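The following exercises concern the geometry and packing of a single protein chain. Each task is followed by a solution in steps.

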Amino acid sequence: MQKAFGTNYGLTAKIPKDAIHITKGIPKEYVADNGSGATIHREFCPQCGSFILEYGDAVKTQFRYVCVGSLDDPDALPPKGEFFCNSRAPWMPAVPSKSHKPYKMYIRTGLFLLALYSQILTAASSCEPDVRNLRYEWGELGLESRMDYTRAIQCMKDRPPVLSTKDFPGVRSRYDDFAATHINYTLNIHFSGTFLAWHRHYIWLLEKALRDECGYNGSLPYWNWARWPDLAASPLFDGSETSLSGDGEPDKALDPVQNARDSPPGSGPRITVFPPGTGGGCVKDGPFRGWIVNFGPFKFVDSFRDTIPPDSFDYKPHCLFRSLNNVVIDSVSNQAQVDTLLAAPDIIEFRQMTDAFPDASKLLGLHGGGHLAVGQIMFDAFASPQDPVFWLHHGMLDRLWSMWQHADEGSRRNALNGSNTIFYRTNTPEVTLDTVVEFGVLDKPQPLRDLMSPRDGRYCYLYS
Ligand SMILES: [Cu+2]
């Protein structure tokens with residue numbers, strides 16, 4: 001066996017267990033949790049360290065995932081084509097007069113392996129490690145992968161909606177189906193016991209739609225707030241073509257902090273201790289320059305009413321407002337706060353850290369911090385999914401919830417608290433695993449018990 005890739009997530013071929021025979025030597029085995037509760041066995045060569053195969057406990061009697069390495073006899077299976085990532089690895093000479101195509105993985109061991117690879121991509125039911133279900137931080141993605149994501153978001157914006165524009169005038173695209181669904185359930189899914197699980201499923205539905213409807217081959221990225229103290233210099237918001245677009249045009253009147261300062265006392269969020277962000281208006285550059293969003297803005301006080309506003313789905317086109325705010329990230333969504341969140345002893349404290357609720361002595365939790373730090377649209381409790389960074393922000397939150405759950409499976413995996421309405425309104429029921437949450441046209445209603453683990457049921461993903 002020759003040295004393969006040197007990465008834990010190299011290409012594997014799924015082979016029936018009994019079809020593999022090791023003819024020489026005895027592999028060493030390393031057993032570890034993959035970070036999401038699944039036990040993974042990895043076998044490798046005790047002399048050279050090369051990976052040989054891996055498998056999860058769930059399929060140990062059935063399959064082995066064999067790591068694809070270089071062949072001892074390359075002439076036995078001449079390559080029929082090449083697939084590689086953003087660019088060809090410099091140490092690999094091109095295969096002359098064959099087809100060459102940038103792709104997600106590098107394969108040059110013969111056509112039969114390409115066929116196996118396509119089988120692996122469709123064989124996700126066993127929830128084994130797979131490049132497609134690893135969610136990466138934006139900064140970890142290659143430039144081409146970042147653009148794959150923004151192109152897929154744009155594709156959703158270009159596709160026709162499922163909801164009727166006649167009944168929902170603001171719904172003009174498939175992307176708007178998602179925004180409208182969030183608006184519709186805002187008064188149940190925020191500051192409530194369903195918040196974490198509803199958003200886990202919601203962002204997964206977008207990830208699925210990007211793949212199924214827009215040919216996206218990646219996974220949903222996330223935004224690690226603490227990693228980028230200077231937002232405008234970060235790969236997320238530097239305004240380049242590989243970012244999610246950057247700051248908005250300077251326009252204080254559209255900044256959420258300035259809005260709160262200009263509102264009568266008691267009518268706006270208590271965020272006036274922060275300085276306003278650096279933008280306010282339309283994003284100036286990057287892939288979402290010129291983007292038009294169709295809903296809102298909603299008023300802060302609308303969160304306290306019994307029903308969503310009557311004009312919630314009206315067509316109100318405007319550009320993508322942003323106002324980046326490093327002070328908010330630095331003081332609210334920083335590493336110390338992330339560490340404190342992960343050390344939360346119970347779900348009550350975990351929710352308190354994410355949303356500064358029910359004890360409102362702190363202004364914002366980590367969740368609110370990420371929203372406020374991006375500007376008016378992201379800080380809109382109803383219509384925030386209209387900003388494409390929403391999905392990455394909630395990816396980070398889902399990641400932290402997953403990590404926290406996994407650190408104590410017995411007491412945290414199914415921990416829930418709070419009622420099924422915003423701010424736990426009086427006489428509304430406490431959520432349980434049997435509580436059913438709705439997703440409108442996006443999916444059928446789901447009991448919370450099916451949304452508690454990223455490695456169970458329909459889900460199969462983990463975070464880098
Ligand atoms: Cu939300």
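**Exercise 1. Helix orientation**

Are α2 and α4 roughly parallel or roughly perpendicular to each other?

*Solution.* The model under study is predicted.

Step 1. Identify the two elements: helix α2 spans residues 143–158 and helix α4 spans residues 195–214.

Step 2. Take the pair geometry: the helices pack at an angle of about 75°, and their axes are 10 Å apart.

Step 3. Apply the cut-off: angles of 65 to 115 degrees count as roughly perpendicular. The helices α2 and α4 are therefore roughly perpendicular to each other.

Step 4. Examine the contact itself: A152, C155 and M156 of α2 meet A209, L210 and C214 of α4. Sorted by class, this contact of α2 with α4 holds six nonpolar residues, no polar ones and no charged ones.

**Exercise 2. The helix α4**

Determine the span of α4 and how far it is covered, and describe what follows its end.

*Solution.* 

Step 1. For its 20 residues, α4 reaches 27 Å from first to last C-alpha, which is close to the 28 Å expected at 1.5 Å a residue.

Step 2. Of those 20 residues, 14 are buried, and α4 is thus mostly covered.

Step 3. Just after α4, G215 adopts a positive phi of about 65°.

**Exercise 3. The nonpolar cores**

Which residues touch the most other members of the largest nonpolar core?

*Solution.* 

Step 1. The largest nonpolar core has 91 residues, and W223, L320 and V389 touch the most other members. The element that gives the most to this core is α4, with ten residues.

Step 2. Consider V389 individually: with residues up to four places away in sequence left out, V389 touches W223, L236, L244, V374 and M378.

Step 3. A second core, separate and made of seven residues, includes I52, L53, F63 and Y65.

Step 4. For the chain as a whole, 41% of the 464 residues count as buried.

**Exercise 4. A glycine in a loop**

*Solution.* 

Step 1. Locate the residue: G268 lies in the loop between α5 (256–262) and β10 (280–283).

Step 2. List its contacts: beyond its neighbours within four places in sequence, G268 is in contact with N259, A260, S263 and F300.

Technical notes. Residues numbered from 1 in each chain as written. Predicted model: local features only at pLDDT ≥ 70, side-chain atom pairs only at ≥ 80, totals over all residues. Axes fitted to C-alpha atoms, helices over the stretch in contact; angles between N-to-C directions. Helix = DSSP H or I, 4+ residues; strand = E, 2+ residues; numbered from the N terminus. Parallel < 35°, antiparallel > 145°, perpendicular 65-115°, else oblique. Contact = placed C-beta atoms within 7 Å. Nonpolar A, V, L, I, M, F, W, Y, C, P; charged D, E, K, R; others polar. Core = buried A, V, L, I, M, F, W, Y, C linked by C-beta atoms within 7 Å. Buried ≥ 20, exposed ≤ 12 C-beta atoms within 10 Å, placed from the backbone. Expected span 1.5 Å × (residues − 1).
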